[in-house]
Amino acid sequence: EKIYPLRLAKSAMQRAKKLERLAAKLEKCDEFGFALDEYSKAFDVYRHSLLLRNPILDGERVKLLEKMAVLLDKMESYDKALIRYNQALDLYKKPHILNYTTVDDRARVLQNSANLLFDLGRPREAQKRYKLIYELTGRRVSYWRFQSRNH
């Protein structure tokens, strides 16, 4: 009776990891749309009722949200990327999340989302995130981007 839900949860986690591995392979081949689909499927598995109550998996969920945001950014779906970054940041507000992630992880999501906001012409919102990075890490940061955008 108690073993069955544990087996289901273990099976679901194995499926999610398999989807993540496939997504990573697709991403390396620049198949961003297909990779995004697989990351989304993995995220959906982690949101299944059997796994949703497990706070340990919030670390997995936040990492997947960030991966999806990065892909959406590469695909120039900036508004959708920002939504995923914001969802990740919402998960970072949970008190237990630092047990499963690092301050640098959160700072990276803040930096990427701030850069995106800046590119989208929302510098005030970006500045708030840069300030949060400083409060978290003690490091001053500002706009920085690998590539320029043509809007």
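Predicted model: local features only at pLDDT ≥ 70, side-chain atom pairs only at ≥ 80, totals over all residues.

Which of them gives the most? That is α7, with 4 residues.

If you want to find the pocket on screen, look for its lining residues: Asn86, Leu89, Asp90, Lys93, Arg106, Leu110, Glu125, Lys128, Arg129 and Leu132. Sorted by class, that lining comes to 6 charged, 3 nonpolar and 1 polar residues.

Now step back to the whole chain. There are 7 helices and 0 strands, and reading along the sequence gives you α-α-α-α-α-α-α. As for overall dimensions, the C-alpha trace spans about 55 × 35 × 20 Å along its principal axes.

| Helix pair | Packing angle | Distance between axes |
|---|---|---|
| α1 and α2 | about 165 degrees | 8 Å |
| α1 and α4 | about 25 degrees | 13 Å |
| α4 and α5 | about 160 degrees | 8 Å |

Take α1 and α2 to start with. Helix α1 covers residues 3-28 and helix α2 covers residues 32-46, and they pack at about 165 degrees. Because an angle over 145 degrees counts as roughly antiparallel, α1 is roughly antiparallel to α2. Their crossing is left-handed. From α1, the residues in this contact are Ala12, Arg15, Ala16, Lys17, Leu19, Glu20, Leu22, Ala23, Ala24, Leu26 and Glu27, and they meet Phe32, Phe34, Ala35, Glu38, Tyr39, Lys41, Ala42, Val45 and Tyr46 of α2. What sort of residues are these? The contact of α1 with α2 divides into 14 nonpolar and 6 charged, with no polar ones.

Next come α1 and α4, the latter being residues 58-74, with axes 13 Å apart. Their angle of about 25 degrees is under 35 degrees, so α1 and α4 are roughly parallel to each other. The crossing of α1 and α4 is left-handed. On the α1 side the contact uses Lys17, Glu20 and Glu27, while α4 brings Glu60, Leu64, Lys67, Leu71 and Lys74. By class, the contact of α1 with α4 has 6 charged residues, 2 nonpolar and no polar.

That leaves α4 and α5, whose axes are 8 Å apart at an angle of about 160 degrees. That makes α4 roughly antiparallel to α5. Again the crossing is described as left-handed. The α4 residues here are Asp58, Arg61, Val62, Leu65, Glu66, Met68, Ala69, Val70, Leu72 and Asp73, and their partners in α5 are Tyr78, Lys80, Ala81, Arg84, Tyr85, Gln87, Ala88, Leu91 and Tyr92.

Note on methods: Residues numbered from 1 in each chain as written. Heavy atoms only, no water. 1 Å grid on protein atoms, 1.4 Å probe; cavity = no way out; pocket = protein on both sides within 12 Å on 5 of 7 lines; lining within 4 Å. Helix = DSSP H or I, 4+ residues; strand = E, 2+ residues; numbered from the N terminus. Nonpolar A, V, L, I, M, F, W, Y, C, P; charged D, E, K, R; others polar. Axes fitted to C-alpha atoms, helices over the stretch in contact; angles between N-to-C directions. Parallel < 35°, antiparallel > 145°, perpendicular 65-115°, else oblique. Left-handed = near helix turned anticlockwise from the far one by under 90°. Contact = heavy atoms within 4.5 Å.
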